[in-house]
Amino acid sequence: MKKALCMLLSLMILISAFGGLTAFAADAEEIAAAAETDALPEVPQVRIETASGEGLNLTKAIGYVDATVTITDTDGTEIKGEAQVKVRGNSTSGLNKKPYTFKFSKKTNVLGMGKAKKWALLANMFDPTLLRNYVGIEIARELGMAYTSEQRVVEVWMDGSFRGCYNLIEPVQEGSSRVDIDIESNGGMKDFLIERELNHIDEGAVYFTSNGIRFVCDEPESPNTEQLAYIKDVVDSAFQVLRSGTRKQVEEKIDLTSFARYYLLNEFVKTVDFDYSSVFFYYKDGKMYAGPAWDYDLSMGNENAVISANYAASNKTDGLHCDTKQLYRWLCKRVWFFDAVRREWEAHRAYFESIGADGGMIDSLYESYSGAIDRNFSAARWPFKHYFNYNRAPDATYAENLAYFKNWTSERASWLGGYFDEDVTAYLLGDADGDGLVSILDATAIQRMLASFMTDGFDSIAADTDGDGTVTVFDVSLIQRRLADMEVSDPVGEQLWRK
């Protein structure tokens, strides 16, 4: 017996040394045995028992299966209910440590996060620190973004098998304790929730394209033809106003504060998915809102920089990343929008600067959840050094990965601080000769340039009134129409900005 224990201890030490961690338990069996004692768990525990007992073989294609879910809080209180469970996610659904969605048969208050049927378990398999999703959501909460998901770090068992450390989190969906929108009034043509989705296809999901950007309808989940036409019309109209409307017209269509906060969040973390998926917008009471926040495992430096230019840019701590994407391609040209972003930055600057500081949020999270994190690698034996192509190749030890994460967020905060402190050069769109006015002289200046005549002080950025990247005779027409008090399709005469 002693010899067996010594061998087990040796195995623990080897596993710990390989992962750079201090193992808190030898294996899943030891953790399960400890759970049978009166000792209270360090973090909440989620136990899923499928009716078939085949939970470990679930795939996304299988969909929901019947199960019983038991959740034990750190004070020993327990809830248990009949439920259904399925594998969730896109690229993460095919990994060995699978993320899950489960839904109770009736609304249940889970760990004090409010009553709802549906809940998500994020596996964080792309992230060797297991903390990026948590940090991204907490930044959204700090910024005061509406409907930011409540979340808890938990440990999960599937049909008796210990699966390690997860984030139990409220999914982005309609509900009184979730995204509180009205999707039933006026024949279902009132409020809605949409998500950017570049090319993924889920069975039963409804997609549409507006201004070249593809979205999926999340709420209502299955809009009929009339509802879909209504949703598309609202989004099309918002795009048009964002592109060519005045500030007053833009603020009549969107909630400026939510758009500024959502931009700052995603610009800080530089999520690689910002032009691909998991980017939400909702329509409520006649306005478009940005958010809620979701999916930050491939952010904050955790990207494989060799995949594409987008991944490479996302991986760096300097430079802007989100200003040319989504509905922000036009907003970020406006001085007044970036002023709103700057105000949010200044209000929360100390918070951003503390995220990666010694003793800051990242250190605090690890200190609070180190036991569960360590058991994820030592007892559940998930290899944090595994490389999935999408994510940055992990460093040799957990401590190194954590240090890299901290350093990245600190450098990002420093760069953004410097950027927002710099002066921005403002200009009038259409002021081609740079005299501070939009006049017939600007139309003449563009015509002279097109005829290859030299024009002193010519400003090609201001002259490009339609924003297509080139100066053409169409830009002349827009200036002339504006001077004749005719409607123009672009904000000629508005103050914009550039670095």
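Colleague: Which residues does Y404 touch, leaving out those up to four places away in sequence?

Modeller: In this predicted model, where local features need pLDDT of at least 70, side-chain atom pairs count only at pLDDT 80 or more, and totals for chains, interfaces and linings use all residues, Y404 touches R132, G301, N315, R392 and D395, with residues up to four places away in sequence not counted. A touch is a contact, that is, heavy atoms within 4.5 Å. Residues are numbered from 1 along each chain as its sequence is written, and side-chain values use heavy atoms, with hydrogens and water left out.

Colleague: Where is Y404 found, and how far is its C-alpha atom from that of G301?

Modeller: Y404 is found in helix 12, where a helix is a DSSP run of H or I with at least four residues, a strand is a run of E with at least two, and both are numbered from the N terminus. Although Y404 and G301 are 103 residues apart along the chain, their C-alpha atoms are separated by 8.3 Å.

Colleague: Why are helix 11 and helix 12 called roughly antiparallel?

Modeller: The axes of helix 11 (residues 361-378) and helix 12 (residues 398-421) come within 12 Å and cross at roughly 150°. These axes are lines fitted to C-alpha atoms over the stretch in contact, with angles running from 0 to 180 degrees between N-to-C directions. Angles under 35 degrees count as roughly parallel, over 145 as roughly antiparallel, 65 to 115 as roughly perpendicular and the rest as oblique, and helix 11 and helix 12 are therefore roughly antiparallel to each other. On the helix 11 side the contact is made by I362, D363, Y366, I373 and F377, and on the helix 12 side by Y398, L402, F405, K406 and T409. Those residues divide into seven nonpolar, one polar and two charged, with Ala, Val, Leu, Ile, Met, Phe, Trp, Tyr, Cys and Pro counted as nonpolar, Asp, Glu, Lys and Arg as charged, and the others, Gly among them, as polar.

Colleague: What makes the packing of helix 7 and helix 12 oblique?

Modeller: Helix 7 (residues 256-269) packs on helix 12 at an angle of about 125°, with the two axes 9 Å apart, and the pair is therefore oblique. Helix 7 gives L264, E267, F268 and V269 to the contact, while helix 12 gives W408, T409, R412, A413, L416 and F420.

Colleague: Why is the term oblique also used for helix 3 and helix 10?

Modeller: The axes of helix 3 (residues 132-143) and helix 10 (residues 335-354) come within 10 Å and cross at roughly 135°, so the two helices are oblique to each other. The contact is made by E138, I139, E142 and L143 of helix 3 and by E344, H348, Y351 and F352 of helix 10. By class these residues are four nonpolar, one polar and three charged.

Colleague: What makes the phi of N211 worth a remark?

Modeller: Phi of N211 is near 55°, a positive value in a residue other than glycine. Most residues other than glycine have a negative phi, and most peptide bonds are trans. N211 is found in the loop between strand 9 (207-210) and strand 10.

Colleague: Which peptide bonds are cis, one ending at P220 and one at P292?

Modeller: The bond from E219 to P220 is cis, with omega near -5°, and P220 sits in the loop between strand 10 (213-219) and helix 5 (225-244). The bond joining G291 and P292 is cis too, with omega about 0°, and P292 lies in the loop between strand 12 (287-290) and helix 8 (309-315).
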